[in-house]
Amino acid sequence: MEMTMTTGEEQVRKSKSAKLILLFAMVSMTMMFAGLTSAFVVSKSRADWLKNFELPSAFYYSTAVIIACSVTFYLAKKAIQRDNRSATTSFLLGTLALGILFVVLQFKGFGQIVESGYYFTGEGSSITTTFLYVVTVTHLLHLAGGLISLLIIIYNHFKQKYNSTQTLGIELGAMYWHFLDLLWVYLFLFLYFFK
């Protein structure tokens, strides 16, 4: 006797599989950032470590912006679960705008560091600013993946692929975005307290 799955069972199985794969990816990213922050702690004992280095003000603003991104993504997910397409559109586009603003603020922060006389590479660089640059650029690369997936989610939303019974793409995007948010808050607090 051949077993057949119903459409609902197939959706549940697909959803669980996709979420598990994303979870494994997030765990591996967490391990990579744990390694980077561990190297940061070990390097802090070097004689050339900057003791009086302050994070740029743009990093404070970018932290608030990425937290707002998580809120708008959460609201987009809740809106589609209620089949409120116009609110979903607004929240997804708001998340995209805030995500781009986060990137702009990160680069503004890099500019503020350079304006303070600290460089990331070359003769005028220090190990402190180089580590800061590596950690934040690595996070930005992961955020670029989040922005690309967000663009795909917005495209699929406009193609009307999501509704209250089909939210998997938005759920996965929100999971990843919340992870990026928590990761940046961790990195920011780490860099703030372990400078």
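The largest pocket has a volume of about 160 Å³. A pocket here is an open set of points on a 1 Å grid over the protein atoms alone, where a 1.4 Å probe fits, with protein on both sides within 12 Å along at least five of seven lines. This is a predicted model, in which local features need pLDDT of at least 70 and side-chain atom pairs count only at pLDDT 80 or more, while totals for chains, interfaces and linings use all residues. Residues are numbered from 1 along each chain as its sequence is written, and side-chain values use heavy atoms, with hydrogens and water left out.

Select Gln11, Val12, Lys14, Ser15, Thr165, Gln166, Thr167, Leu168 and Glu171: they line the pocket, each having an atom within 4 Å of a point. Then colour helices H1 (7-43) and H5 (168-193), which each supply at least two lining residues; helices are DSSP runs (H or I, at least four residues) numbered from the N terminus. H1 gives the largest share, 4 residues.

Glutamate 171 is buried at 18% relative accessible area, whereas lysine 19 is partly exposed at 25%; buried means under 20%, exposed over 50%, partly exposed in between (1.4 Å probe, protein chains only).

Next, select aspartate 48 and arginine 46, another salt bridge, with the closest N and O atoms 2.8 Å apart. Aspartate 48 is partly exposed at 39%, and arginine 46 is partly exposed at 38%. The count of salt bridges is 2.

Definitions and conventions
Points joined across faces, edges and corners; volume = space filled by probe spheres on them. Salt bridge = Lys/Arg side-chain N within 4 Å of Asp/Glu carboxyl O.
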